[in-house]
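Please keep the sequence and the model in view while reading.

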Amino acid sequence: MIRLAEARRSWAWPVLLAGSASLTLSMYALDTGGSFRIVVALWFFSVCPGMAWARALGIDDLAARWTFASAASVSGAILVALATAYVGASPSVPLLAIAVGMTIAGVGYGLRTRSVRPFRGGRDVQR
Amino acid sequence: VSIAAEGVSTGAAPASVAPGIERGGRRAPDEIRQLVPVAIAGALWWLSIHQIDPGAMGDTGYVGILPVTYYAGVALLSVSFCLCIRRPARPAVLFVHLAALIVMVHGLASAVEPIPRLSATWRHVGIITYLLHHDVTPPLDAYFSWPGFFSLFASIEPITGAGTAIVIARWFPIVLDVAYLAPLSVIFRSFTNDRRIVWLSCWLVVLGNWVGQDYFSPQGLSFFLYLAVIALLLRSFRRQHVPGAHERWIDRALSAVYAAEPRVAAPTDGPAQRTAIMVVVILASGAIVASHQLTPFMLLAGVGVLVLGGRITPRALLLLLGVLCAGWLMFMAVPYLKGHLQDLLTQVGDLGQNVDTSVASRVQGSAGHQLVAQVRIAMTGVLLLLALCGAVKRTMHGVADISCWYLAIAPFAMVLFQPYGGEIVLRAALFSLPFVAFLAAGVLMPVSETVSPRLGGLREPLSWPRTTIVVLMSLALALGLVLSKYGNERSERFAPSEVDAVSELYGVASPDDVLVALSPSVPWKFEHYDWTHEVLTQDATYDEMATQQPTSERVAGWVRGVIAAHQETHGFVLVTTSQLEYARLLGLAPDGWMEAFVRSMAASTAFELVYRNDDAAIYRIEASP
């Protein structure tokens, strides 16, 4: 039972991050969601890409992980948006594509590195 | 007793001890008991916000119209928090207290007012709307020379849904203030081993942040990135000075100077983590440089003192930051510099003028507004005084927080360079606030960088007299915050009918019209940012106007002069309640002058009334009689 709970916990963040990416993408594509769409999209852009990599890299201190995640996500999004603004390209699609790509890549890297590390007390990717 | 148990780790994280210090083996029922007051405080707050009538607000803002239940809720939360840090509760419990305080105080206007406050918020939404349909070049004004924030939300708005920027703007202060907590916690934990000081410092930052730059703005987001950069640098690139371990004279000298700094456990980051953190530091620095005029220089000052003082290792970062700042100014902000370089250069070194425009000239206007300005100065003064006492006290106990001193002082160097529109002292106080709060927390807490082995890794509980002082200080700051943050609310809030009037204005006007408001507090520019918007009190001839009686002929002449300056043939004057309140509160015109101006306009045949509601009126006027 304990191992099952630990396994569930270790999958929670990858599922949440990938789920947020999928949900943001879906609601944008279907143009639906209302207020929920605002919350999900803001959560996704301000946390998810950075959090995927913070967890993959094993930044285990909680406050530092959130600092890294939100700073990476927000500053990355600003720089991508800025680049598209100066190039004159449509701003949303490149930003969404890069943010989703970074999130999925971070989740994938985290799962891969976890699979080659010894399992430690249910805490994924902890060095 | 290991050296780690003394809170003096030499590198390896005291993983088995640190959690015990904080948690002390408390059980879930303890946490539930500690969160009950938060729930009650939240319920009191929820009841209160439904009883508030913003229309009844006086010259001191919300403080006079909040029901007793609101103050009871904030007081209960403050007492509960202080009891929780007496014997440090679990971080989650303390975080919930902080988040609740942010919602209750910094989220007050968001919850009570149905639309965003501050004219700047509406202006920022307008720039985002403009960028959805236009290029960032050629720049319309200074905002377009630092477009990072606006480009971000122009990219995000189609994803969150059309027209949602205004919804985001309303709730942005809460999101931003909660976001500040993570980097603040990292910063404070790099200064001390005592987690009670860490949490109390966060509490004091929330209570001392009256400057109100947490609205939907480039500076609010850039301040978060500033905190994140400083936090990541202090956490992962802090220089550890071990006495006697250095060969070079400079390292030996620095070791002697910094010997009194608390030895805080360094994280066990590997090369990949350190590289990733440095990449994020550089990305965030780039985002700051591209988003706001002032924050990059505050960051340059902060990183500068840490590098030059030998507190962090990546010295090249200072050079990189300097190149980024200079490069952006020379290549991307040229249009702004062309128009302002002369002004900027003449203000350098004019300390007296820069301080005067930021402090002394703000204590004017109505009696209520003067009280608010004095409370703001007093709050900052009290925190600075407490910080000074804290620094002296900790130093006398052998603990010198030198990195914190550097970061507290560095922002004030900017006062030497320019007045920043009369706000440089306020902005310096904001950037200094986290470090001032830490030092101020030091005076309220015992100096104990080591834990007692006798108590098995736990600290002594805070004494009751000391706990009482912390409670009283929190209550005083909370009351001061409500007064100082929302003191101008009567002119900074908008009624929905004012926004309706602006929408009507954009419906009847055309791009060739000149749109005139009497004072800057108006919720416009959220559409048609490129149209000509003028504010009478900011016109070059306004000071002369205000010395004369506003007769119908004069009013028509003045407004025609503003329109003619743009070589247009007609325009519209928008009058709203907030404009008149703003002018009265800040003393922009002699008593009754603005009201007389409006009466004369209404009586004049030169003006045609095209729209009116309870809070606004629109008049049309031809440039030639």
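A residue counts as buried when its relative accessible area is under 20%, and as exposed when that area is over 50%. In this predicted model, Trp558(B) is buried, and Trp593(B) is buried as well.

Counted over all chains, the structure holds 35 aromatic pairs. One of them joins Phe188(B) and Phe438(B), whose ring centres are 5.9 Å apart with 20° between the planes, and this pair is stacked. It links distant parts of the chain, since Phe188(B) belongs to helix H8 (residues 165-189) of chain B and Phe438(B) to helix H19 (residues 424-444) of chain B, 250 residues apart. Phe188(B) has a relative accessible area of 0% and is therefore buried, and Phe438(B), with a relative accessible area of 0%, is buried too.

Trp558(B) and Trp593(B) form a pair that counts as stacked because their planes lie at 25°, with the ring centres 5.8 Å apart. This pair also links distant parts of the chain: Trp558(B) lies in helix H24 (residues 552-565) of chain B and Trp593(B) in helix H26 (residues 593-603) of chain B, 35 residues apart.

| Stacked pair | Centre to centre | Angle between planes |
|---|---|---|
| Phe188(B) and Phe438(B) | 5.9 Å | 20° |
| Trp558(B) and Trp593(B) | 5.8 Å | 25° |

Ring pairs also build a cluster in chain B, made up of Tyr143(B), Phe149(B), Phe150(B), Phe153(B), Phe172(B) and Phe216(B). A contact of another kind involves Trp464(B), over whose ring face Arg86(B) lies, at 3.9 Å from the ring centre.

Technical notes:
Residues numbered from 1 in each chain as written. Chains lettered and ligands numbered in written order. Predicted model: local features only at pLDDT ≥ 70, side-chain atom pairs only at ≥ 80, totals over all residues. Heavy atoms only, no water. Phe/Tyr/Trp six-rings, centres within 6.5 Å; stacked < 30°, edge-to-face > 60°. Helix = DSSP H or I, 4+ residues; strand = E, 2+ residues; numbered from the N terminus. Buried < 20%, exposed > 50% of the residue type's maximum accessible area, 1.4 Å probe, protein only. Lys NZ or Arg CZ within 6 Å of the ring centre and 35° of its normal.
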